[in-house]
Amino acid sequence: MGASDRFEQLREQANGTASDASSQTPPVLTVVTIALSLLLVSPLVWLAIHASEMPTARIVGLLTGETASSVTINTLVLVTAVTGVSILVGVPLAILTVQTDLPFRRFWTVTSALPLVVPSYIGAFAFVSAFGPRGELADLLAPFGVEQIPPIFGLHGTVLVLTLFTYPYVFLTTRASLLSFDGTVVEAARTLNHTRWEAFKRVTFPQIAPGIAAGALLVALYTLSDFGTPAIMQYDVFTRMIFTEQQARNLDSAAVLSILLLVMAMGILGVESRISAGRDGAYVSSGDRRPGTIRLGYWKLPATLFCAAIATLCLALPIGILTQWLLRSESTAPGQFTFGLTPILNSVGLAAAAAAICVVVALPIAYLAARGDSGLSSLPERISYVGYAVPGVVIGLSLIYLALRFVPFLYQSVIVLVFAYVVRFLPQAVGTTESSILQVDPSYIEAARSLGYAPLSAFREVVLPLVAPGIAAGAALVFLTTMKELPATLMLRPTGFETIVTYIWLVRGAAYQGQAAVPALILVGVSGLSMLIILRQERR
């Protein structure tokens with residue numbers, strides 16, 4: 001007898017049987033999940049405690065100092081610029097691939113989403129290799145008498161790289177809004193003698209604006225938390241300066257900068273929450289009516305070239321540079337820069353441990369959020385998402401403080417490193433698990449409870465088999481994103497403990513870029529798997 005047949009039999013046997021025991025959420029579940037969620041945010045609490053122990057004059061001096069002021073301005077400028085340019089790239093791409101007669105629309109849809117598979121710091125490596133002072137472009141132009149090209153470093157280079165590898169957030173959310181948009185509204189506007197541009201401004205744009213805003217806020221949050229790209233592009237933002245101050249043992253300065261960054265991240269998360277709440281009651285058409293296809297006419301060639309240029313910069317260039325590194329990797333690098341099996345095994349072991357713990361912790365949190373019947377039911381879930389919004393460099397710094405103060409024997413241990421991954425990526429497991437639990441018919445559980453099953457037994461026998469695919473998807477996402485995490489790994493890893501990302505960082509810093517080809521391509525492949533999982537979940 002299959003699992004679904006057994007569940008149907010349980011429901012039929014319990015049909016008409018009064019049972020009120022199953023409608024109550026066990027109090028112990030609420031207590032356990034709240035305790036777990038508070039444990040996850042404990043590093044951030046410790047950061048605030050450390051700052052409160054500093055003399056007021058010291059805090060004021062750091063907040064009003066030149067470093068804090070310049071870094072705040074730089075970060076705000078970077079976040080604003082990357083978000084704005086991402087909108088200018090992502091929204092036209094979404095419109096072109098959904099509403100126009102663009103040639104090869106399916107192909108351009110895929111290429112417009114795929115830049116998410118390239119970690120931004122890998123993209124930064126590639127752009128520096130291509131457009132840096134001694135890069136490939138400089139070598140190509142040297143025979144023509146061009147001795148110097150504009151530098152790629154600084155604000156403009158950082159904006160370029162981050163935009164190219166984060167705009168897909170705007171593209172995907174805007175595309176989703178366009179696909180769910182009721183085309184009859186646009187047709188009605190056209191019958192009132194509105195031009196297509198007027199219909200877009202008055203009808204289409206207000207409907208897809210929440211989707212654009214949601215993608216833009218994801219871009220802003222990613223830009224705020226990114227460490228690798230600003231560090232490679234030599235642009236001082238919060239994440240780079242926090243890492244620099246921590247390495248120099250200026251812990252007070254690092255703590256104050258971390259709090260400023262945390263406040264900024266919470267502000268972005270608050271805006272995102274309000275927009276998400278505003279979308280709850282948004283109208284989504286249940287039919288298949290979409291606006292008529294826009295004929296591009298003589299704009300067809302420029303539109304195709306625009307899509308091709310973005311795909312070239314985001315995909316062809318970095319993959320080409322990595323392939324070139326691979327072909328040149330026979331350079332005489334010292335033995336300590338030889339890439340072996342150890343970094344791969346270390347990365348896989350850490351990622352597997354983080355994924356397993358996230359699954360165990362996510363189950364009670366997701367179940368309470370999906371089936372809870374009290375006002376506290378959603379609190380643990382919301383608390384868990386705080387860690388996802390906090391940059392890895394801040395979590396890394398907080399855990400360094402925590403380990404040195406209370407558990408010095410765990411300082412620079414794998415245990416602390418895995419805990420950082422769990423804090424960062426638990427929401428990925430919570431989200432997929434909760435989504436699966438919401439799809440389980442509650443009557444199955446009621447049937448099992450009415451037949452004498454204890455709450456835990458009913459969950460194990462009824463719910464767990466049905467939510468297993470969601471659990472597996474969450475574990476896979478945690479595994480894949482842990483493999484790519486850079487700042488927390490650099491700050492918390494044991495001395496001499498190398499992973500794929502730390503190896504890439506090491507050889508890049510030592511200017512042995514050819515040695516980074518294989519591990520970088522491995523990370524791109526891992527990211528590609530994460531994209532497949534996302535697309536599979538979207539189809540489900």
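Trainee: Which residues in helix 17 are buried?

Mentor: Buried means under 20% relative accessible area with a 1.4 Å probe, protein chains only. Helices are DSSP runs (H or I, at least four residues) numbered from the N terminus. In helix 17, the buried residues are Gly392, Val393, Val394, Ile395, Gly396, Leu397, Ser398, Leu399, Ile400, Tyr401 and Ala403. Eleven of the 15 residues are buried, so helix 17 is largely enclosed by the rest of the structure. Keep in mind that this is a predicted model, where local features need pLDDT of at least 70 and side-chain atom pairs count only at pLDDT 80 or more, while totals for chains, interfaces and linings use all residues. Residues are numbered from 1 along each chain as its sequence is written, and side-chain values use heavy atoms, leaving out hydrogens and water.

Trainee: How should I read the packing of helix 12 and helix 17?

Mentor: Two packed helices are described by the angle between their axes and the distance between the axes. Here, helix 12 (residues 238–247) packs on helix 17 at about 25°, with axes 10 Å apart. Axes are lines fitted to C-alpha atoms over the stretch in contact, and angles run from 0 to 180 degrees between N-to-C directions. That makes helix 12 roughly parallel to helix 17 (an angle under 35 degrees).

Trainee: Which residues make the contact?

Mentor: Contact means heavy atoms within 4.5 Å. Helix 12 brings Thr239, Ile242, Phe243 and Gln246, and helix 17 brings Val393, Val394, Leu397 and Ile400.

Trainee: Is tyrosine 167 buried or exposed?

Mentor: Tyrosine 167, in helix 8 (residues 155–179), is buried, with a relative accessible area of 0%. Among the residues that tyrosine 167 touches are Ser86, Leu93 and Cys314.

Methods: Buried < 20%, exposed > 50% of the residue type's maximum accessible area, 1.4 Å probe, protein only. Helix = DSSP H or I, 4+ residues; strand = E, 2+ residues; numbered from the N terminus. Parallel < 35°, antiparallel > 145°, perpendicular 65-115°, else oblique. Lists of a residue's contacts leave out its neighbours within four places in sequence.
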